[in-house]
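Subject: Structure handover

Hello,

Here is the structure I said I would pass on. My notes on it follow below.

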Amino acid sequence: MVVRPSAPSAAAALTAKRPGRRSQKKGSPATENRARAQRAKLEKQAEQRLAHAAQEQAEANTARRKTARQDREARRRSIESLIDAYLQDHIGGNRSDKTVEWHRIALGFFQQFLQEQLAINEIDEVEAEDISAWFTHLRKVPGVRGKLRTERSGGPQRGAGKGES
């Protein structure tokens with residue numbers, strides 16, 4: 001047996017309150033305008049969230065690329081890699097083998113001095129005082145054969161070791 005409501009308005013109230021059912025009654029123009037404005041506002045907020053997420057992703061990618069670039073630059077800033085690049089430039093510039101060899105020796109001595117005496121491995125750490133210390137070192141410390149070196153050549157001083165002391 002089916003129970004029927006006594007009044008037609010009660011039946012309408014029961015069907016309207018069931019879950020998932022909406023009333024077929026159309027709202028007033030003001031209500032529809034508010035609903036349209038709310039939907040537009042929510043869509044705009046969703047677009048802003050997406051744009052913000054895309055911007056954050058782009059910034060993260062840029063930061064990763066920047067870090068990778070800084071790492072590459074840091075490797076290029078080592079004195080050893082800069083000397084190698086300099087020598088490669090001389091080789092590519094059609095310099096004589098003797099010139100390249102001389103530069104390799106002289107810069108090798110300078111690099112060795114910076115590493116052993118001053119514990120410097122990066123070009124950014126070198127200051128004017130360090131270069132002055134290198135010149136002083138050349139004037140005071142004899143080379144392998146006991147001859148003093150000069151600032152200009154990195155080689156022995158003229159007249160040094162030929163009976164002059």
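Leaving out residues up to four places away in sequence, S78 touches N121 and E122, where contact means heavy atoms within 4.5 Å. S78 sits in the loop between α2 (29–76) and α3. Its relative accessible area is 17%, so S78 is buried; buried means under 20% relative accessible area, exposed over 50%, and partly exposed in between, with a 1.4 Å probe and protein chains only.

Before going on, some notes on the source. This is a predicted model, in which local features need pLDDT of at least 70 and side-chain atom pairs count only at pLDDT 80 or more, while totals for chains, interfaces and linings use all residues. Residues are numbered from 1 along each chain as its sequence is written, and side-chain values use heavy atoms, with hydrogens and water left out.

Overall make-up

The protein has five helices and zero strands, in the order α-α-α-α-α from the N terminus. Helices (H or I, at least four residues) and strands (E, at least two) are DSSP runs, numbered from the N terminus. Of the 165 residues, 15% count as buried. Among contacts between residues at least 6 apart in sequence, 34% join residues at least 24 apart. The accessible surface comes to about 13,700 Å², and 52% of that belongs to carbon and sulfur atoms; the areas come from the Shrake-Rupley method with a 1.4 Å probe, and for residues only the protein chains shown count as cover.

The core

The largest nonpolar core consists of 11 residues: I79, I83, L87, V100, F110, F113, L114, I120, V126, W134 and L138. A nonpolar core here is a set of buried Ala, Val, Leu, Ile, Met, Phe, Trp, Tyr and Cys residues joined through side-chain atoms within 4.5 Å.

Helix packing

How do α3 and α4 cross? Their axes come within 10 Å and cross at roughly 170°, which makes α3 roughly antiparallel to α4. Axes are lines fitted to C-alpha atoms, for helices over the stretch in contact, and angles run from 0 to 180 degrees between N-to-C directions. Angles under 35 degrees count as roughly parallel, over 145 as roughly antiparallel, 65 to 115 as roughly perpendicular and the rest as oblique. On the α3 side the contact involves I79, E80, I83, Y86, L87, H90 and I91, and these meet V100, H103, R104, L107, Q111 and L114 in α4. By class, this contact of α3 with α4 has eight nonpolar, three polar and two charged residues. Ala, Val, Leu, Ile, Met, Phe, Trp, Tyr, Cys and Pro count as nonpolar, Asp, Glu, Lys and Arg as charged, and the others, Gly among them, as polar.

The axes of α4 and α5 are 11 Å apart, at an angle of about 110°; the two helices are therefore roughly perpendicular to each other. Here A106, F109, F110, F113, L114 and L118 of α4 meet D130, I131, A133, W134 and H137 of α5. The residues of this contact are nine nonpolar, one polar and one charged.

Two loop residues

N94, in the loop between α3 and α4, has a positive phi of about 60° although it is not a glycine. N94 counts as exposed, at 70% relative accessibility. A119, in the loop between α4 and α5, is not a glycine either, and has a positive phi of about 55°. At 57% relative accessibility, A119 counts as exposed.

Regards
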